[in-house]
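I opened this entry to look up the fold, the core and the ring contacts. My notes follow in the order I checked them.

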Amino acid sequence: MPRVGSSPARLVIALSVAAVLAIFVVYTAVAGNGIADVTPSTLAGHSDDVALVGKVVGKPHASTNGVLRFRIRDIGKATAARVPIVYRGSVPDLFKTGGDITVQGRLRNGVFVAKRGSLVTKCPDHYAPAKSKSSNT
């Protein structure tokens with residue numbers, strides 16, 4: 001007597017769906033978003049859209065019309081090239097001088113013009129809650 005629900009067609013369909021999903025996951029992980037990640041010192045020569053990664057230096061200036069202007073440099077290189085950035089859009093809570101960021105856009109006349117809403121802060125590697133002064137445990 002055949003078992004109920006043991007159709008080989010269902011197994012083939014289920015395995016096919018799983019294979020397609022696995023291929024999709026691998027493709028999106030490898031292909032990414034199709035935008036090159038660059039640093040301020042490697043930005044020159046890129047005329048297309050890029051994701052610029054760096055550390056905020058100096059004091060950011062926000063104007064009344066919602067434009068934020070700031071500069072970034074390479075992470076870990078204090079003497080590296082600095083790139084001025086013009087950005088419009090929401091600003092993450094962790095955005096500050098000395099913070100690491102990624103922003104998408106393109107270089108125009110020596111100024112990096114960021115796409116609206118593309119500013120992302122990177123979480124500090126050594127983030128941890130403050131230690132309490134008393135240890136009652």
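**Ring pair and core**

I started with Phe95: at 13% relative accessibility it counts as buried, because the cut-off is under 20%. I kept in mind that the model is predicted.

Next I looked for aromatic pairs and found 1 in the structure. Phe70 and Phe95 make this pair, edge-to-face, with 5.0 Å centre to centre and 65° between the planes. Phe70 sits in strand 3 and Phe95 in the loop between strand 4 and strand 5, so the pair ties together parts 25 residues apart in sequence. I checked Phe70 for burial too: its relative accessibility is 4%, so Phe70 counts as buried.

Then I turned to the largest nonpolar core, which has 17 residues. Which members touch the most others? I noted Leu52, Phe70, Ile85, Tyr87, Ile101, Val103 and Phe112. Strand 2 (50-62), strand 3 (67-73), strand 4 (82-88), strand 5 (100-108) and strand 6 (111-114) each give two or more residues to this core.

I followed Tyr87 further. Leaving aside neighbours within four places in sequence, I listed its contacts: Gly66, Val67, Leu68, Phe70, Val103, Ala114, Lys115, Arg116, Gly117, Ser118 and Leu119.

**Whole chain**

I counted 1 helix and 7 strands in the protein chain. From the N terminus the order reads α-β-β-β-β-β-β-β. The chain has 137 residues, and 24% of them count as buried. I took contacts with a separation of 6 or more: residues 24 or more positions apart account for 48% of them.

Technical notes
Residues are numbered from 1 along each chain as its sequence is written. This is a predicted model: local features need pLDDT of at least 70, side-chain atom pairs count only at pLDDT 80 or more; totals for chains, interfaces and linings use all residues. Side-chain values use heavy atoms; hydrogens and water are left out. A nonpolar core is a set of buried Ala, Val, Leu, Ile, Met, Phe, Trp, Tyr and Cys residues joined through side-chain atoms within 4.5 Å. Buried means under 20% relative accessible area, exposed over 50%, partly exposed in between (1.4 Å probe, protein chains only). Helices (H or I, at least four residues) and strands (E, at least two) are DSSP runs, numbered from the N terminus. Contact means heavy atoms within 4.5 Å. Rings of Phe, Tyr and Trp (its six-membered ring) pair if their centres lie within 6.5 Å; planes under 30 degrees apart count as stacked, over 60 as edge-to-face and the rest as tilted.
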